[in-house]
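Open your viewer, switch to a cartoon view, and get ready to click through some selections. We will go one stop at a time.

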Amino acid sequence: MGTFEFLVLAGLLILIGAVIVAVLVLRKSSVRTAEAERSAQASANEAAMAAANEAAQAATARAETWAGQVRDDARAYRDQVRAKADDLLELAKTQRTEAEAELRVRRAELKEQRVELERREQRLTDREERIDAEARQVDARAHELDRAEASLREGQRKLAAADVERTAELERIAGLSAEQAKAELVGIVESDAKRQAVIVTREIEREAAREADSRAQHIIVGAIQRLASDQTAESVVTAVHLPGDEMKGRIIGREGRNIRTFEQVTGVNVMIDDTPESVLLSCFDPVRRETARLTLTDLVADGRIHPARIEEVHERSKSKINEQCLRAAEDALAEVGISDLHPALVPILGTLRFRTSYGQNVLKHLVECAHLAGLMAAELRLDVAICRRAAFLHDIGKALTHETEGSHALVGADLARRYGEHPDIVHAIEAHHNEVEPHTVEAVLTQAADAISGGRPGARRESVEAYVQRLERLERIAAGHDGVDKVFAMQAGREVRVMVAPETVDDIAAQVLARDIAKQVEEELTYPGQIRITVVRESRATETAR
């Protein structure tokens, strides 16, 4: 009997039991009632039976509905269990298949390992046999060596006895003992060796000297040939082109006011002659001359020429010259390959663009020395960057010699040391004129590069340098007095114009200052002709109208 049928039967039995209990209860109550009530009770019983039948039918319907649901749930559960069982069975089959495949693989691997072990065992067996054979050969060879060693010892014993007999015979024949003969032989060999060593040493020294001279000449000549540098061209006069000759009158101004102001502000002589459409600017200082040229060019282009305008344009021209100096220094640094120079040293280097040494431009001289030192350092397998940097900075002190006491070598060394240059570079700067004894290869190469650059044909001219030095000395003498504001050496050194501060120097003091400067020039300088000292004291009152 199934679960469903059992549940239905149980429900029916429970329902019938309930009905019977109800009937019995009704019957007991009916016995206690009166007989009159039996007919009514009978009708009531019939109604109760009808109600019970209806309740039984409803319960039966509900039981059937519930039983249907239970039957459906049981069928669904049975299907689900069957599906799970099928899945488990399939999984078991799959795992069995995989286990069988893995087992076959393992068996194959074990079989291969067994075969490999058998091969190894065979090889080990073969090797043991070979080792046994070699051991037998070694034993046989050892026996042979023992016999040979015994024979060799016997031969050595016989040779020792023969050597003793030979030594005794030689001593008997020569009349000398073995020690005496050995000492005499050693003395002869030692004397001969010393003589040969002296000969070889002298030959090596001569060869080294010849090779050193030849190699040094080769390195220096190669560096000079590889360096292509222009001849120095220098002038103390600059020509300024004018749009027309009528511009000359405007430059001169009313009663010479403009040209006087121009010369006083710039410190440059303006020479106006019959040359058409041009004037000449003359000054030994190239910075002043270039500043004056820019000033005059701007004034001519603008057309407004008067004292105030001259001063304004001159200040602007000085700013342009400073920019040119900075650009020249940056170009020189780029040319020699230096990119980490202290920024404070760059404008100082730029001022050397207008500085000359015996007619040779100092900045170009530094670039030339840097290339020469780099080429020679490369030939000698030294640090090219250090040698090139030392040669490039060796004359940087010339930019400050008019401001600082001391030689340009020591001034430049102090400047480089102050801005963190390497000690080897500082030493090369201070030793390039032997004011300090050079003790590094970089210092010696810096000296060589300086000498090559200055000694090449056409590089320097003594006359121009002497002329410039004389004019600079004139200006320094005048500038050394109290109250002097500006000093300009003009007319090729035949005139010195001294601008004094009017609040410090009065008219009488200006006369005294002119006489003192003239006397000092007579005592300290040698010069042809005469030098006129002009002290200019000018008072100005300026106010702005608003």
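**A guided tour, stop by stop**

Start by selecting Gln324, which you will find in helix α7. Keep in mind throughout that this is a predicted model. Is Gln324 buried or exposed? Gln324 counts as buried, because its relative accessibility is 19% and the cut-off for buried is under 20%. Now show the neighbours of Gln324: leaving aside residues up to four places away in sequence, Gln324 touches Glu290, Leu294, Arg353 and Phe354.

**Two helices side by side**

Next, colour the whole of helix α7, residues 307–336, and then helix α9, residues 362–379. The axes of α7 and α9 come within 10 Å and cross at roughly 10°. That angle is why α7 is described as roughly parallel to α9.

Which residues meet where α7 and α9 touch? From α7, select Ala328, Ala332, Glu335 and Val336; from α9, select Leu363, Val367, Ala370 and His371. The residues of this contact divide into 6 nonpolar, 1 polar and 1 charged.

**Two cysteines**

Now pick out Cys369. With 1% relative accessibility, Cys369 counts as buried. Move on to Cys387, which also counts as buried, at 0% relative accessibility. How many disulfides does the structure hold? The number is 0.

**A sheet with helices packed on it**

Hide the side chains for this stop and look for the open sheet of 3 strands, with the order β6-β7-β8 and mixed pairing. In general, strands of a sheet pair through backbone hydrogen bonds, either parallel or antiparallel. Select β6 (484–490) and β8 (532–537) to see the edge strands, each of which pairs on one side only. Turn the view and follow the twist, which averages 20° from one strand to the next.

Zoom in on β6 and strand β7, residues 495–500. These two strands run antiparallel and are joined by 6 bridges. To look at one bridge pair, select Ala489 together with its partner in β7, Val496.

Then bring back the helices. Helix α5, residues 257–266, packs on the sheet and touches β6, β7 and β8. The direction of α5 makes about 110° with that of β6. Helix α15, residues 507–524, packs on the sheet too, touching β6, β7 and β8. The direction of α15 makes about 155° with that of β8.

**Two loop residues with positive phi**

Where is Glu255? Look in the loop between α4 (246–252) and α5. Glu255 is not a glycine, yet has a positive phi of about 55°. Show the surface here: Glu255 counts as exposed because its relative accessibility is 72%.

For a second example, select Asn434, in the loop between α12 (423–430) and α13 (441–455). Phi of Asn434 is near 65°, again a positive value in a residue other than glycine. Asn434 is exposed, with a relative accessible area of 51%, where the cut-off for exposed is over 50%.

**Zoom out**

Finish with the whole chain in view. Its secondary structure comes to 15 helices and 8 strands. Of its 546 residues, 30% count as buried. Among contacts with a separation of 6 or more, 62% are accounted for by residues 24 or more positions apart.

Note on methods. Residues are numbered from 1 along each chain as its sequence is written. This is a predicted model: local features need pLDDT of at least 70, side-chain atom pairs count only at pLDDT 80 or more; totals for chains, interfaces and linings use all residues. Side-chain values use heavy atoms; hydrogens and water are left out. A disulfide is a pair of cysteine sulfur atoms within 2.5 Å. Buried means under 20% relative accessible area, exposed over 50%, partly exposed in between (1.4 Å probe, protein chains only). Axes are lines fitted to C-alpha atoms, for helices over the stretch in contact, and angles run from 0 to 180 degrees between N-to-C directions. Helices (H or I, at least four residues) and strands (E, at least two) are DSSP runs, numbered from the N terminus. Angles under 35 degrees count as roughly parallel, over 145 as roughly antiparallel, 65 to 115 as roughly perpendicular and the rest as oblique. Contact means heavy atoms within 4.5 Å. Ala, Val, Leu, Ile, Met, Phe, Trp, Tyr, Cys and Pro count as nonpolar, Asp, Glu, Lys and Arg as charged, and the others, Gly among them, as polar. Two strands pair if DSSP finds at least two bridges between them.
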